[in-house]
Amino acid sequence: MLAVFPLKFSLQKGIFLAREKRFRVKVRAQGKEFWIYTNNTGSMRGLLEPGRTIWFSKSANKKRKLPYTLELIEVNGVLVSVNTALPNQMLQFLWEKSLIPFWRNTHFQAEKSIGQSRLDGFLLGQEKKIWVEAKNVTLVENNIAYFPDAKTKRGVKHLQDLIALGQKGDLACALYVVPREDARGFLPADFIDPDYAYWFWQAVKKGVKVFCLRLKVRPQEFILDRFIPLLKRG
């Protein structure tokens, strides 16, 4: 175990019923059926089966049309975090706890713009600039974590940006946060987005450093379990 990240809000339990227009999820909780919000625009392949247990949070923003947000889904006894804000939180937490050695002794800035893009993290040291893009990985099949779960032109652009930054002398990193404990290795999902997989392997070839962080998810905390390996193609 690397560290524990406690949740700063409480979760309520319910049952998943349906999804509508990417951002709306219908649930049943406390004898009522109602719609809640999800910020996950991916397919959530393998997760959204009616009848599954889910956990959701309540926003402090009283003006929100949908006050509740989908946070966790239980799949075969394993909790999976589907909130896409999680990778940025883990990125900063890894930096704060100095869990990646060459990130130490740097200043952290979230969401730094570069050209027409914006990357999730920028770490500035005395003699180094480090750029990091973080992704949430919810798709696991046969104990292998895959990203993405839907085609992503934006994701491809991020990989291209990381390659370009590395070629100009900066350090470039891709952090894949796998918030489910049944993953034992990671691969890009070439069967879903061949273009993303192509640029992923180009990034690896060009020296972009890849980190795959596995979490054990609990309703009250995330346990940073360990870094799982990037597997070989084929």
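A: Seven strands make up an open sheet in the order E1-E16-E15-E13-E10-E9-E8, and their pairing is mixed. Its edges are strand E1 (3-6) and E8, each of which pairs on one side only, and neighbouring strands are turned against each other by 30° on average, direction ignored. Strands (E, at least two residues) and helices (H or I, at least four residues) are DSSP runs numbered from the N terminus, and two strands pair if DSSP finds at least two bridges between them. Angles run from 0 to 180 degrees between N-to-C directions, with axes taken as lines fitted to C-alpha atoms, for helices over the stretch in contact.

This is a predicted model, in which local features need pLDDT of at least 70 and side-chain atom pairs count only at pLDDT 80 or more, whereas totals for chains, interfaces and linings use all residues. Residues are numbered from 1 along each chain as its sequence is written, and side-chain values use heavy atoms, with hydrogens and water left out.

H2 lies across E8, E9, E10 and E13, and runs at about 160° to E10. Helix H2 covers residues 153-167, 15 residues in total, and its first and last C-alpha atoms are 21 Å apart, close to the 21 Å expected at 1.5 Å a residue; the expected span is 1.5 Å times one less than the number of residues. Just after H2, Gly169 adopts a positive phi of about 115°.

Which residues of H2 are buried? They are Gly155, Val156, His158, Leu159, Asp161, Leu162, Ile163 and Leu165, where buried means under 20% relative accessible area, against over 50% for exposed and the range in between for partly exposed, with a 1.4 Å probe and protein chains only. The buried residues of H2 pack against strand E8 (107-114), strand E9 (117-124), strand E10 (129-136) and strand E13 (171-178), and also against helix H3 (194-205); contact here means heavy atoms within 4.5 Å.

The structure holds one cavity of 30 Å³ or more, and the largest cavity contains about 40 Å³ of space. Its lining consists of Glu133, Lys135, Gly155, His158, Leu159, Leu162, Ala174, Tyr176 and Tyr196, with E10, H2 and E13 as the elements that give two or more residues. H2 gives the most to this lining, with four residues. Among the cavity-lining residues, Gly155, His158, Leu159 and Leu162 are buried residues of H2.

For these volumes, a 1 Å grid is laid over the protein atoms alone: a cavity is a set of points where a 1.4 Å probe fits but cannot get out, a pocket is an open set with protein on both sides within 12 Å along at least five of seven lines, and lining residues have an atom within 4 Å of a point. Grid points are joined across faces, edges and corners, and a volume is the space filled by probe spheres set on the points.

The open counterpart is the largest pocket, with about 710 Å³ of space. It is lined by 28 residues, of which the closest to its centre are Thr41, Thr84, Lys135, Phe147 and Arg154. Helix H1 (86-96), E9, E10, E12 and H2 each give two or more residues to the pocket lining, and E10 gives the most, with four residues.

In H1, the buried residues are Leu86, Pro87, Met90, Leu91, Phe93 and Leu94, and just after H1, Ser98 takes a positive phi of about 55°. E12 belongs to an open sheet of three strands in the order E11-E12-E14, with mixed pairing; the edge strands there are strand E11 (139-141) and strand E14 (185-188), each pairing on one side only, and the twist averages 35° from one strand to the next. Strand E12 (residues 144-147) and E14 run parallel, joined by four bridges, and Phe147 stands opposite Pro188 in E14. H3, against which buried residues of H2 pack, lies across E12 and E14 and runs at about 115° to E14.
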